[in-house]
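Open your viewer and get ready to select residues as we go. Each stop below says what to pick and what you will find there.

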Amino acid sequence: MAEQRKTSGLDTPLAARKRFWPKFSPDPDAFGSTTEKFARFMGTPQFLLYMTVFCAFWLIWNTYAPVQWRFDDATIGFTALTLMLSLQASYAAPLLLLAQNRQDDRDRVALTEDRARAERNLSDTEYLTRELAGLRLALRDVATRDYVRSELRNVLEELLETADGEELNLRAKRKNKGGTPQTGLIEVVQPGQGTNRKNDQK
């Protein structure tokens, strides 16, 4: 029979090795949120008040209570209370560091998103600037309102000069013929002439 290969050597990957204790892998998000809540509670006035009441009760009970009911000795400096406070401090420091690390990760993600948003805004602004510059260059060849008005005014003046010259020529011709001068233009109707024309037509 073939010799069975050992699975606990250094050449064996860690995943294939047999574990004596089961691997502890809690949910990092749930564990992190729980520790953050506890760390935030430790930084509130309520926690300080509760700790003050607890320490005061501990000291008063172990000082004035009957000897058989005491669980900490005042003669040796309340050793149990000192150990409890030291244990609490030893756990509080990692919890605070964990909460701070999670806050740093959130700040890093927010900073990255802000930087990406700022880059998008900058690119959009540069695009709009280029478009406005192109519109300004294109509007240089477009006739403005003042230019169109001045051209229309010049054309109107030329038409009036031509019409006045033709009217004078027609009047001179009609006078030579002895008729009533008609200019060929639209006659200007004076007030009261419309009713006289209607009566004449009747």
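Start with Glu36, which is buried, at a relative accessible area of 7%. Bear in mind throughout that this model is predicted. Glu36 sits in helix α1.

**Stop 1: the partners of Glu36**

Keep Glu36 selected and show what surrounds it. Leaving aside residues up to four places away in sequence, Glu36 touches Ala99, Arg102, Gln103 and Arg106.

Next, select Arg106. Its side chain meets that of Glu36 in a salt bridge of 3.0 Å, N to O. Glu36 lies in helix α1 and Arg106 in helix α3, so this pair ties together parts that are 70 residues apart in sequence. Is Arg106 buried or partly exposed? With a relative accessible area of 34%, Arg106 is partly exposed. Show the three side chains at once: Glu36, Arg102 and Arg106 are linked in a network of salt bridges.

**Stop 2: another salt bridge, within α3**

The structure holds four salt bridges. For one of them, select Arg108 and Asp105, whose side chains meet at 2.8 Å, N to O. These two are three residues apart in helix α3, which means they are separated by about one helical turn. Asp105 is partly exposed, at 40% relative accessibility.

**Stop 3: the length of α3**

Zoom out and colour residues 79–139, which make up helix α3. How far apart are the end C-alpha atoms of α3? They are 88 Å apart, and this agrees with the 90 Å that 61 residues should span at 1.5 Å a residue. The buried residues of α3 are Leu81, Ala92, Leu95 and Ala99.

**Stop 4**

Return to helix α1 and pick Ala39. Ala39 is buried, with a relative accessible area of 7%. Beyond residues up to four places away in sequence, Ala39 touches Leu95, Leu96 and Ala99. If you draw a distance from Ala39 to Leu97, C-alpha to C-alpha, you get 9.2 Å for residues 58 apart in sequence.

**Stop 5: the largest nonpolar core**

Select Met42, Phe47, Met51, Cys55, Trp58, Phe78, Leu81 and Ala92: these eight residues form the largest nonpolar core. Which elements give two or more residues to this core? They are α2 and α3. The largest share, four residues, comes from α2. Within the set, look at Met42, which touches Phe47 and Ala92 when residues up to four places away are not counted.

**Stop 6: an aromatic cluster**

Finish with rings, as the structure holds six aromatic pairs. Phe41 and Phe47 are edge-to-face, 5.6 Å centre to centre and 75° between the planes. The rings of Phe41 and Tyr50 have their centres 6.4 Å apart and their planes at 40°, so that pair is tilted. Together Phe41, Phe47 and Tyr50 form one aromatic cluster. Colour the three by accessibility: Phe47 is buried at 12%, Phe41 is partly exposed at 34%, and Tyr50 is exposed at 51%.

Notes. Residues numbered from 1 in each chain as written. Predicted model: local features only at pLDDT ≥ 70, side-chain atom pairs only at ≥ 80, totals over all residues. Heavy atoms only, no water. Expected span 1.5 Å × (residues − 1). Buried < 20%, exposed > 50% of the residue type's maximum accessible area, 1.4 Å probe, protein only. Contact = heavy atoms within 4.5 Å. Phe/Tyr/Trp six-rings, centres within 6.5 Å; stacked < 30°, edge-to-face > 60°. Core = buried A, V, L, I, M, F, W, Y, C linked by side-chain atoms within 4.5 Å.
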